[in-house]
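Here's a quick tour of a protein model with some stops picked out along the way. Have a look at the picture, then read on.

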Amino acid sequence: MRYAFTLLSVLTLLVALAAAGSAGANRHSAKATFTYCTDPTFPPMEYTTTSGKIIGFDVDMAAKLAATWGATAVASKTAFPGLIPALQAKRCDAVISGIFVTPDRLKQAGAVTYMKSHRVIIVKAGNPKKIHSPNGLKGLVVAVQTGTKYEDYLKALQKKIGFTLQSYPGDNDAVAQVLLGRADAVLTQDTSFAFQAKAHPGKIAVGYTFGAPDSFGIYYRKADASTLGQQIKDGIAKLKVLGTLKTIAAKYKVPAADVK
Amino acid sequence: MLASFDTHLFWQALSSGPYWRGALTALELTAVALSTALIIGFFVALGVLSQRRWVRGFAWSYNWLFRATPTLLQLYFVWDVLPTLWHGFAGSWFTPFMAAWIALSLNEAAYLSEIIRSGLMSVDPGQELAGRALGMSHRSILRRVIMPQAIRIAIPPIGNEFITLLKLTSLASIISLHELLTASTQLTAAKFEYTEPLLAALVYYLVIVSVLMAIQARLERKFTWTSNRRGRRVAPPAMPAVSHDAR
């Protein structure tokens, strides 16, 4: 009798688990949620409020984008160097994090470009060290976010001209070093400068703007190219036509020309 | 998924310059921070055992402050708050290595002082009385009677702290110190792979800690002298039982 009872309980449990499992599977196939990995240390593209909520241009765009195929966007916080690996480990469906479209990343994943902007060298207000070109960094202290293309660029430049390079977990950490007076310059994007200049008026300036623009892109897994990849491509095209991206750009003080 | 393990990338990571330099930085930082912490910790331990109330109070407050706050917060404090209090700390002379050195030594000293205190207290107070009866000075008793015995008690936990400290140096990556973990995160970012870069870092830590454990074992043997019965048994006899000439 006791055995029968145990057997019955185990069976009930198994059935319950199976039901829960299939319910989960159904939810998954419906794709009600669109999860994207993001590193919220790059205002105004993505950053956090004091209560820890992730906000920014990319967050608003992701919400509008997911809505074009009837899904809800959910942000998943990931450190910048781990964004593409997290995508491949299927921890998220896409990467939206003010991340450049570059040839080596395109070998790993597919991408849809949604914004073009320029790199800048941020210096102290008044540019006391007279930094008017990348070569002007010689012998100075330069801060940067770790794992970024900015860091790659600076490492190569450092070999040529020589300066002290400090790498920080977040873009905002790097900018903070210039505000603190420890670093002489930060290499980042003009979008980041626009935000930081507003947050710290009269403290920082642009020393040099790079000529060639960089493209920010949404990365998706290559296996999803015909499904989610296509949805993202169509969605971004739609948001551009509707002027949604321009509206979001205006909200975050990003030049409208960047999201043409 | 081991199926996708890239052996070439793994070896590339193991033999790369940044890993090697990162490991050296971690070891250097551990060595200087532990040495500094031993000195500070020794005096804090003496302070806690002091007869004077204000010295005891100061030593107690030190231990309280540095054990009650996270190491990560102490690192941030030294690196990001000190320059706002005194602008001189924003200068380029104040390197991430120095900041980590200061933060980790101050932190570690609090833990070491408790270990040293337990070592000092393990020596029977009768020995101090005996030393005084022989006309030895307070300092001499400490140096010649109490310390040699206290060290034996303190070595295993200090070895433990050495290993903990080595791993704590990885925290300094947040204040832009290029140590072993920085090397692996940078390789992760460049190669879009976690497995191989992190596995290589793991191998480095395992090797370094194994060497540290071997050093600890040697030190323990060095300070285990005749009063330890087991030590006496394994000690070789002063004279061979049978002279070599006799054979």
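This is a predicted model: local features need pLDDT of at least 70, side-chain atom pairs count only at pLDDT 80 or more; totals for chains, interfaces and linings use all residues.

Residues are numbered from 1 along each chain as its sequence is written, chains are lettered from A and ligands numbered from 1 in the order in which they are written, and side-chain values use heavy atoms, with hydrogens and water left out.

**Where chains A and B meet**
- The contact (heavy atoms within 4.5 Å) takes in 22 residues of chain A and 23 residues of chain B.
- About 1700 Å² is buried between the two chains, with 55% of that coming from carbon and sulfur atoms; buried area is the accessible area (1.4 Å probe) that two parts lose on being put together, summed over both.
- On the chain A side, P85(A), L180(A) and R182(A) give 33% of the area that chain A buries against chain B, more than any other three residues.
- One salt bridge (a side-chain nitrogen of Lys or Arg within 4 Å of a carboxyl oxygen of Asp or Glu) is found across this interface.
- A salt bridge joins the side chains of R182(A) and D80(B), at 4.0 Å from N to O.

**The sheet in chain A**
- β6(A) pairs with β12 (residues 214-220) of chain A in the antiparallel sense over seven bridges; pairing takes at least two DSSP bridges.
- G110(A) sits opposite Y220(A) of β12(A).
- F216(A), also in β12 of chain A, is buried (under 20% relative accessible area, 1.4 Å probe, protein chains only), with a value of 0%.

**Helix α6 in chain A**
- In α6 (residues 171-180; helices are DSSP H or I runs of at least four residues), the buried residues include A174(A), V178(A) and L180(A).
- Just after α6(A), G181(A) has a positive phi of about 90 degrees.

**Out on chain B**
- W86(B) lies in the loop between α4 (71-85) and α5 (96-121) of chain B.
- W86(B) is exposed (over 50%), at 52% relative accessibility.

Note on methods. Helices (H or I, at least four residues) and strands (E, at least two) are DSSP runs, numbered from the N terminus.
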